[in-house]
Amino acid sequence: MTRDQIFEFFRRLAEANPSPTTELDYINPYTLLVAVVLSAQATDASVNVATGPLFKFITTPRQMIAFGEDRLREAIKSIGLFNTKAKNVVALSQALIDRHEGEVPRVRDELEALPGVGRKTANVLLNTAFGEETFAVDTHVFRVCNRTGLAPGETVDDVEAKLEKIVPQPFRRDAHHWLILHGRYTCKARLPECWRCPVIDLCRYKPKTSPPGERIKAPTAKPSAARTSSRGSSKARTAKGPTASKPRAGHNRSRPSRRP
Ligand code: SF4
C-alpha cells in the first residue's frame, strides 16, 4: 500500500470506531497484566467471566500472593491452560513485589522479564496501561496485516517491525486495537466479510467475499478432485490466504463502541 492508502485505511477504521480499547475487563495496570496473561489461547469473554469475581477483591500483587495459587487455580479453571497460568500469575506477582515494589513497570525489558510475559503482552501493557505507541501483534493483527498487504510479514516480529515503520500519526496509539477489532469482527479468519468492509477498495486480498445471500454454491467435487483440492490447500495456507490466522510465534481483545 502507498502512504496515502495506509493513512486512508486507518482513517476509515478510526471513523467507524473513534475510541477503540481492549475487551478485557481490568481495573489498573496490574489487573490488566493478569488478564492479558490469562488471555493466551483463550477468548476475552472467557477471561472476563473468571476475572469478574476475582478482581472484586484482588487488585494488587500482594493480595494475589495472599490469595494463593490453589485458590487462583480454582478461580480460573474455566480458562484453558489454567494450571500454568495460575503458576505464572503468582510468580509474576511475587516478582513485582520483589523487584518493583508491587508496581507494574513501564519498561519493556522489565515487563518481559516477568514470568509468563512475552513481547506481545508487554506491548499490550505499554500501550493500553501506559499510552505508548506499541503494536501488539496477535493472531488477528497478523492475519489482517498479511491479507490486506498493509504490513505483510512471515513472523509476528516482521509484522510488528513493519507496523512500527508504516503506521502514521495520529493513528499509532490505537492502531493495534483497530486491527484486532477489524480482524475479530470483519476480516474474520475463516470467512472475511468483505461485502461490509470499510477498506475493501484498499485491501489487496483478491477473492473478496460476497454477502451470504449472493454466494454461489460450489458444485460437489468428485472424490479425486477433492483429494487434489485438499493437497492444494496446504499451499493456500500461506500468510496471505484466507485460512492464514496463526502467527508463527508468540499471541487480546476489545469491545468496540462501534465495530470497525
Ligand atoms: S476486504 Fe475482505 S479481506 Fe480485505 S480487509 Fe476487508 S474483510 Fe479483510
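**Entry 1: a pair of helices**

Is the crossing of α2 and α8 left-handed or right-handed? I looked it up, and α2 and α8 cross in a right-handed way. A reminder to myself before going on: this is a predicted model. The axes of α2 and α8 lie 10 Å apart, and the two helices pack at an angle of about 145°. I then listed who meets whom. From α2 come Pro29, Leu32, Leu33, Val36 and Val37, and they meet Thr121, Val124, Leu125, Thr128 and Ala129 of α8. Sorted by class, this contact has eight nonpolar residues, two polar ones and no charged ones.

**Entry 2: the cover over α2**

Next I asked how many of the 10 residues of α2 are buried. I found nine, so I am noting this helix, residues 29-38, as mostly covered. The buried ones are Tyr30, Thr31, Leu32, Leu33, Val34, Ala35, Val36, Val37 and Leu38. I also checked what lies over them: the cover includes α3 (44-54), α4 (61-67), α6 (82-100) and α8 (119-129).

**Entry 3: two sides of α3**

I turned to α3, one of the helices that cover α2. Which residues of α3 are buried? My list reads Asp44, Val47, Ala50, Thr51 and Leu54. They are on the same side of α3, because they cover an arc of only 135° around the axis. On the other side of α3 I found Ala45, Gly52 and Pro53 exposed. The cover over the buried residues of α3 includes α2 and α5 (69-75).

**Entry 4: a stop at Ser46**

Staying in helix α3, I picked out Ser46.

**Entry 5: around the ligand**

My last stop was the ligand. How many residues surround the ligand? I noted 13, and the closest are Cys187, Pro192, Cys194, Cys197 and Cys203. By class, the shell has eight nonpolar, two polar and three charged residues.

Methods. Residues numbered from 1 in each chain as written. Predicted model: local features only at pLDDT ≥ 70, side-chain atom pairs only at ≥ 80, totals over all residues. Near = placed C-beta within 6 Å. Nonpolar A, V, L, I, M, F, W, Y, C, P; charged D, E, K, R; others polar. Buried ≥ 20, exposed ≤ 12 C-beta atoms within 10 Å, placed from the backbone. Helix = DSSP H or I, 4+ residues; strand = E, 2+ residues; numbered from the N terminus. Contact = placed C-beta atoms within 7 Å. Arc of directions from axis to C-beta. Axes fitted to C-alpha atoms, helices over the stretch in contact; angles between N-to-C directions. Left-handed = near helix turned anticlockwise from the far one by under 90°.
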